[in-house]
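Subject: Structure handover

Hello,

The structure is placed below, with notes on what was found in it. Please read the notes with the model open.

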Amino acid sequence: MLPGAFGALPADVQAQVTASGRVGRWGRGELLFHPEDPAEALFVLLRGSVRLYRLGTGAREVTLDVHGAGSLLCAAALLPGEQCGMYAEAMDDAEALLLGRDVLTRLTQGQPGVAVALTEQITRQTRGVQERLSGLVFLEVSQRLALALLNLAEREGPWPDGGSLALRDRVSHQDLAHVVGSTRETITKLLGDFRSRGLLDLGYRRIILTDRAGLERATREPLR
């Protein structure tokens, strides 16, 4: 079963899509592609999280977005003669299905549902970028952190009634800093503040969310 918008396709079409590409795998910290790489294949992220970034002044890394399973990476492959235009770094063990431009053309012509799935997924990601930019402008870091934690919680499945929820994926303070557009030092301080307010508990490379309602309030009101 393919993730994201492709998951709504009939099983036989999903099988055709999977058979038409090749699967790539990367470990935490490895690069899926560089800015100058020719955009020859669309990456359908099957597993893991990937950070897209560029290098700013003084080689400072500027995170553009963070994507999870179902996302499309190097969408420039849909156009001829393009480059990937950014770095893509695996934030944990990642796996992606690579579909070349010629393959995509055949699939979309033979299976219109594939074209619809591509459009839906690109629309979702565009909306996600817009929401991220809005958050950077209008929300305090503590609000963005609370939102990021709740988004990570959604990947874990249903939240136990009145209970806590442990994030299974290893999420470092630096990972969270990338997600919310802040620094590791600021995130470390805010996690300590969240812990003191009973919103979460911290273990070795582990975060346990303990107060869903409190985190939801923290998305609406900055910490004071």
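Helices α4 and α6 are roughly perpendicular to each other, a label given to angles of 65 to 115 degrees, while under 35 counts as roughly parallel, over 145 as roughly antiparallel and the rest as oblique. In this predicted model, α4 (residues 141-154) and α6 (residues 184-196) pack at about 75°, and their axes are 11 Å apart. Axes are lines fitted to C-alpha atoms, for helices over the stretch in contact, and angles run from 0 to 180 degrees between N-to-C directions. Helices (H or I, at least four residues) and strands (E, at least two) are DSSP runs numbered from the N terminus.

On the α4 side the contact (heavy atoms within 4.5 Å) uses V141, S142, L145, A146 and L149; on the α6 side it uses T186, I187, L190, L191 and F194. Eight of these residues are nonpolar, two are polar and none is charged. Here Ala, Val, Leu, Ile, Met, Phe, Trp, Tyr, Cys and Pro count as nonpolar, Asp, Glu, Lys and Arg as charged, and the others, Gly among them, as polar.

Numbering starts from 1 along each chain as its sequence is written. Local features need pLDDT of at least 70 and side-chain atom pairs pLDDT 80 or more, totals for chains, interfaces and linings use all residues, and side-chain values use heavy atoms, with hydrogens and water left out.

Helix α4 also packs on α5: their axes come within 9 Å and cross at roughly 110°. That makes this pair roughly perpendicular too. V141, R144, L145, A148, L149 and L152 of α4 meet L176, V179 and V180 of α5. By class, this contact has eight nonpolar residues, no polar ones and one charged.

The domain assignment (bounds from an automatic or database assignment) gives domain 1 (5-137) and domain 2 (139-220). Their C-alpha centres lie 26 Å apart, and 13 residues of domain 1 are in contact with ten of domain 2.

Now the pockets. On a 1 Å grid over the protein atoms alone, a pocket is an open set of points where a 1.4 Å probe fits, with protein on both sides within 12 Å along at least five of seven lines; lining residues have an atom within 4 Å of a point. Points are joined across faces, edges and corners, and a volume is the space filled by probe spheres set on them.

The largest pocket holds about 1300 Å³. Both domains give residues to its lining, so this pocket lies between them. Of its 41 lining residues, V66, G68, N151, R155 and V179 lie nearest the centre. Helix α3 gives the most, with nine residues. The lining divides into twelve nonpolar, twelve polar and 17 charged residues.

The second largest pocket has a volume of about 380 Å³. It is lined by 19 residues, with L52, H67, M86, Q125 and V129 nearest its centre. Again α3 gives the most, here six residues. This lining has 13 nonpolar, three polar and three charged residues.

Regards
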